[in-house]
Amino acid sequence: MNCDIFERPGEPQAPGNVAIHDLTPARLRPGRGRDTVQAAMNEEQARIRSYLVAQGAKLSPAAIVEKVQAAMADLRAAAVAVPPARFAERPEPEEWSGNEVMAHVVAADGYFGGGIRRVLDGQPPPRSGGSGIEGAPLRPAEAWYQTLSEQREALFARVRAADPAAAPDQRIEHPMFGPLTWRETLLFTRLHDLDHAGQLQKIAAALAAARPA
């Protein structure tokens, strides 16, 4: 099943379905050349950025938090659907395992969520790091999700307490979509969760169709 990043019925729509890893910054994707993928993504990149800018300005921080929480539920369901005994198994050599996907989501949240908190606290935005899969420990899906949930609760509390108009000139750098405000970045985490939920669904399906390695 492809990851569906459409809004729920009655709400404005996000750009159409995005292929696995398309929301992962190009330099963080496994097994792909940056220049080729980046060129192919230019039009879709612009559509997604337009969505983030328009809806980030329109929606209240509390409303964005609700959307992120809904995406987190989808991510959790997809992660636990991967067979626990095969959570570290890659369906193909060039693809990520379920463990690597969740390690990446947690690491990305450390950058984007941490960047939001820094901006709201009047500190300079962070510098981007690696994908988070290098040397990642093997942990159950629920353990990864618990870490993500704890990080996000701290983020949500900070966002809810913030002035919605705070830090209008500060930007958090995204390698694919460019500099984003903290509200746009918060909305991006929703799309990122949904994208990787779709990836986890494909991993679960591929492992179910193949014998254990």
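In which loop does Thr181 lie? Thr181 belongs to the loop between strand 2 (178-180) and helix 6, where helices (H or I, at least four residues) and strands (E, at least two) are DSSP runs numbered from the N terminus. The structure is a predicted model, in which local features need pLDDT of at least 70, side-chain atom pairs count only at pLDDT 80 or more, and totals for chains, interfaces and linings use all residues. Residues are numbered from 1 along each chain as its sequence is written, and side-chain values use heavy atoms, with hydrogens and water left out.

The chain contains six helices and two strands. Read from the N terminus, its elements follow the order α-α-α-α-α-β-β-α. Of its 213 residues, 49% count as buried; buried means under 20% relative accessible area, exposed over 50%, and partly exposed in between (1.4 Å probe, protein chains only). A contact is defined by heavy atoms within 4.5 Å. Among the contacts in the chain with a separation of 6 or more, 77% are accounted for by residues 24 or more positions apart.

The confidence of the predictor is expressed as pLDDT, given for each residue from 0 to 100. The chain averages a pLDDT of 82, and 77% of the residues score at least 70.

Not counting residues up to four places away in sequence, Thr181 touches Gln170 and Arg171. Ala167 itself is found in the loop between helix 5 (141-161) and strand 1 (172-174). Its phi is near 50 degrees, a positive value in a residue other than glycine.

The loop between helix 3 and helix 4 holds Arg86 and also Arg90. Arg86 is buried, because its relative accessible area is 11%, whereas Arg90 counts as partly exposed at 33% relative accessibility. The side chains of Arg86 and Glu89 are joined by a polar contact of 2.9 Å. Such a contact is a pair of N or O atoms within 3.5 Å; within protein, one must be able to donate a hydrogen and the other to accept it, and residues adjacent in sequence count only if both atoms are side-chain atoms. The side chain of Arg90 reaches the backbone oxygen of Pro93 at 2.8 Å. Leaving aside neighbours within four places in sequence, Arg90 is in contact with Glu95, Trp96, Ser97, Glu100 and Ile133. Arg90 and Ile203 are 113 residues apart in sequence, and their C-alpha atoms are 7.9 Å apart in space.

Helix 4 (residues 98-120) contains Asp109, which is buried because its relative accessible area is 3%. The side chain of Asp109 makes a polar contact of 2.5 Å with that of Arg152. Beyond its neighbours within four places in sequence, Asp109 is in contact with Gly114, Leu148, Gln151 and Arg152.

Asp109 and Arg152 also take part in the lining of the largest cavity, together with Val105, Ala108, Phe112, Phe188, Thr189, His192 and Asp193. Rolling a probe the size of a water molecule over the atoms shows where empty space is left. On a 1 Å grid over the protein atoms alone, a cavity is a set of points where a 1.4 Å probe fits but cannot get out, and lining residues have an atom within 4 Å of a point. Grid points are joined across faces, edges and corners, and a volume is the space filled by probe spheres set on the points. By this rule there is one cavity of 30 Å³ or more, and about 50 Å³ of space lies in the largest cavity. Helix 4 and helix 6 (182-209) each supply at least two residues of its lining. The lining residues divide into four nonpolar, two polar and three charged, where Ala, Val, Leu, Ile, Met, Phe, Trp, Tyr, Cys and Pro count as nonpolar, Asp, Glu, Lys and Arg as charged, and the others, Gly among them, as polar.

Helix 6 also contains His196, which counts as buried because its relative accessibility is 0%. His196 and His104 are 92 residues apart in sequence and 9.3 Å apart in space, C-alpha to C-alpha.

Methods. On a 1 Å grid over the protein atoms alone, a cavity is a set of points where a 1.4 Å probe fits but cannot get out, and a pocket is an open set with protein on both sides within 12 Å along at least five of seven lines; lining residues have an atom within 4 Å of a point.
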